[in-house]
Amino acid sequence: MYQYDHYDQTLVDQRVAQFRGQVRRYLAGELSDDEFRPLRLMNGLYLQTHAYMLRIAVPYGVLASRQLRMLAHIARTYDRGYGHFTTRQNIQFNWPELERVPDILADLASVQMHAIQTSGNCIRNVTSDPLAGVADDELEDPRPWCEIIRQWSTLHPEFSFLPRKFKIAVSASKQDRAAVQVHDIGLYLVRGADGEVGFRVLVGGGLGRTPMIGQTIREFLPKQHLLSYLEAILRVYNQEGRRDNLYKSRIKILVKALGAAEFGRRVEVEWAQIRDSALQLEPAEIERIRAFFAAPAYAADAAADASFDAHLAADAAFATWVRRNVAGHRVAGYRNVFVSLKPFGRPPGDISAGQMEALADLADRYAGGKVHSTFTQNLLLTDVRQADVYPLWQALAALDLATPTIGTLADIIACPGLDYCSLANAESISVAKSLHARFDELDYLYDLGDLRLNISGCMNSCAHQHVGAIGILGVDKSGEQWYQITLGGSSGNVASLGDVIGPSVRHEDVADTIARVLEVYLEQREPDEPFLDTYRRIGMAPFKARVYGVPAKGRAGKEAAAHV
Amino acid sequence: MSEIIKHRQIVADEWRSVADDETVGTGPVIVSLARFLAEREALLARGEALGVRVPPDVRLDALAGDLPRLALIAVEFPVFKDGRGFSVARLLRERYGFHGEIRAVGDVLRDQLFFMERSGFDAFAVRPGKSLQDALAAFDEFSVTYQAAADDPRPLFRRRG
């Protein structure tokens, strides 16, 4: 993974000192609330319902074991003993005291971490494929490009006061596991006509209250021009994006207003002026960054191990877990192991300090000392020898980190919701718990197969419910918590936004409603057809009829209108 | 005479900002872009230093031909979170080769100054009521930068040693 040199370290150290000064000035009354707000947000510090929340950057989801241990230390020392992994591969602490945040940042800096640009109207933490570097379907490792973007975007002098937040994702694999198409800029590494690797560039994707799928503005960007092209996009957006209305200020609104073709034309005009500037990446710099992500020395005899198959045959629980929680590796004899942060009945994405420390030890022992965060709020250990998978499973199970439900309905993606967040309309965690309670039979979950379910407590959509095969959105209805359900969303290669099934339902009716939706799927699916494909084939009508009875038109239309 | 920060020092402001309905008079003055465009010939014929105050959505092409004859461009920040002015300054320096003073005016606060200076601003009319002495500290907060900008055309990857 990337290692700071004295430049990177100095910048992070100086950022800590700067923020310490900003906190001091705020507490001394030299900065008003309005003045301090964007400063703290640019350093990941939100004010929530009960306390501040600090969001720490995990650049493109890569954590070293010593960094995970530091997160455990922070959880114990400054918080309430746990942290929460987010859909943007970051980690949040929900209870820090403002006065101690500079000390937290200093601790983070000591292990090459920070909270820079994890919030605010600036370029956020760049996200990527959690299987980057080990996936068998990838063109090349996308992480060096993420790191190049990270450095370019960190404290960018021109783009630190954008109209709105700005998110970039990079994927290099056949299967998009980074939700590239719902980012402000999405980058797919592709091979061009001449065999060279470059980028397909998408802009204008995003979720929130006006969800949109990104559109391609350039089919192939030679890789050395990555930064000048990003700079051109950001400059057009910075100058022309709307600033009069918070809800219309994301780049997606500008792209929609101009049309992708016209937006792309403006970017090309700007780019023509800067493409041959010093921003052009030289092979030496690309190689310098790439060297940090070099693959470990894989053992040639790893595949010779017979114990893995023997354990699979002998231990049904192990075999079950392997089926759901273990992914293939591009090197024979190795596996990638998902660490579930979705135990039944617990808030999705939460992890305790003790779990972090134990997991750091396991990463050192079995996975090259690295842990990866995923946008599905789980963790991943890569480069695990197949002979080690069984003892690793035993250890994870003892830590309650081996719930064998990765990718199933029970692998719920959820924001913190009303329990923490001052923006939320409704609870998310208690809905997740009600679904866990209702759908707790593994055989049923496995029969349902791959099925992504996302729950957001408000239309800011932190849990990406628009792209859940089943999406649940909390809405406030005269002070009561109701939930709007959508079907058919996906953040994969064929990205789609979910369709609203009908009128929102009460908290206590969510699980029943989902159960009816699932009945329809089980009745109508074709052999091996995942939920999403069935929905796309048969459409909304049968699901709607089952949930609301037939006919549902009059009632549905009336209530749905109230929530548009 | 009010004080501003120029070239990282607190100095007396030698410029007078005149309203559109105010007599220009003598001495260095800053006029609005609208007034400059309306009274261009007369203003330039004065033979005295002239500055133009531009809004953040300015299209610089409209000014490009006159830039060599202007001593100062003041870029307005209607509210400090409005970041359009950073692009204006970079374009003035890097694309239009403007060598005069670029001054940040309006809602200008300490914590923008580092970014502003890197973007090409060299003068800062800090919002009244804020300590200029305190604001000076902003320039020394970072000794490391990753990007190419108006202050250095080389990104860090061309400077790393």
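## Helix α12 of chain A

How many residues has α12(A), and what distance does α12(A) reach from its first C-alpha to its last? In this predicted model, α12(A) has 14 residues and spans 20 Å between its first and last C-alpha atoms, which is close to the 20 Å expected at 1.5 Å a residue.

Within α12(A), the buried residues are A:A353, A:Q355, A:M356, A:L359, A:A360, A:L362 and A:A363. Just after the helix, A:G368 takes a positive phi of about 65°.

## Packing of α3 against α12

Two packed helices are described by the angle between their axes and the distance between the axes. For helix α3 (residues 65-78) of chain A and helix α12 (residues 353-366) of chain A, the axes come within 8 Å and cross at roughly 170°. Because angles over 145 degrees count as roughly antiparallel, α3(A) is roughly antiparallel to α12(A).

On the α3(A) side, the residues that take part are A:S65, A:L68, A:R69, A:L71, A:A72, A:A75 and A:R76, and they meet A:A353, A:M356, A:E357, A:L359, A:A360, A:A363 and A:D364 in α12(A). By class, the residues of this contact divide into 9 nonpolar, 1 polar and 4 charged.

In helix α7 (residues 251-258) of chain A, the residues A:I251, A:K252, A:I253, A:L254 and A:V255 are buried. What covers the buried residues of α7(A) includes the elements β9 (197-203) and β10 (215-222), together with α6 (226-240) and α8 (260-274), of chain A. Just after α7(A), A:G259 takes a positive phi of about 90°.

## Nonpolar core

The largest nonpolar core has 205 residues, and those with the most contacts inside this core are A:I233 and B:F124. The largest share of the core, 9 residues, comes from α6(A), an element that is also among those covering the buried residues of α7(A).

When its neighbours within four places in sequence are left aside, B:F124 is in contact with B:I4, B:I5, B:R103, B:A104, B:V108, B:L113 and B:M116.

## Interface between chains A and B

Across the interface, 28 residues of chain A are in contact with 28 residues of chain B. The elements that give two or more residues to the chain A side are α1 (6-27), α2 (33-41), α5 (143-153) and α6 of chain A, and the largest share of that side, 6 residues, comes from α1(A). The residues of the side of chain A that touches chain B divide into 10 nonpolar, 13 polar and 5 charged.

Definitions and conventions
Residues are numbered from 1 along each chain as its sequence is written. Chains are lettered from A and ligands numbered from 1 in the order in which they are written. This is a predicted model: local features need pLDDT of at least 70, side-chain atom pairs count only at pLDDT 80 or more; totals for chains, interfaces and linings use all residues. A residue is buried if 20 or more other C-beta atoms lie within 10 Å of its own, exposed if 12 or fewer, and partly exposed in between; C-beta atoms are placed from the backbone. Helices (H or I, at least four residues) and strands (E, at least two) are DSSP runs, numbered from the N terminus. Two residues are in contact if their C-beta atoms, placed from the backbone, lie within 7 Å. Ala, Val, Leu, Ile, Met, Phe, Trp, Tyr, Cys and Pro count as nonpolar, Asp, Glu, Lys and Arg as charged, and the others, Gly among them, as polar. Axes are lines fitted to C-alpha atoms, for helices over the stretch in contact, and angles run from 0 to 180 degrees between N-to-C directions. Angles under 35 degrees count as roughly parallel, over 145 as roughly antiparallel, 65 to 115 as roughly perpendicular and the rest as oblique. The expected span of a helix is 1.5 Å times one less than its number of residues. A nonpolar core is a set of buried Ala, Val, Leu, Ile, Met, Phe, Trp, Tyr and Cys residues joined through C-beta atoms within 7 Å.
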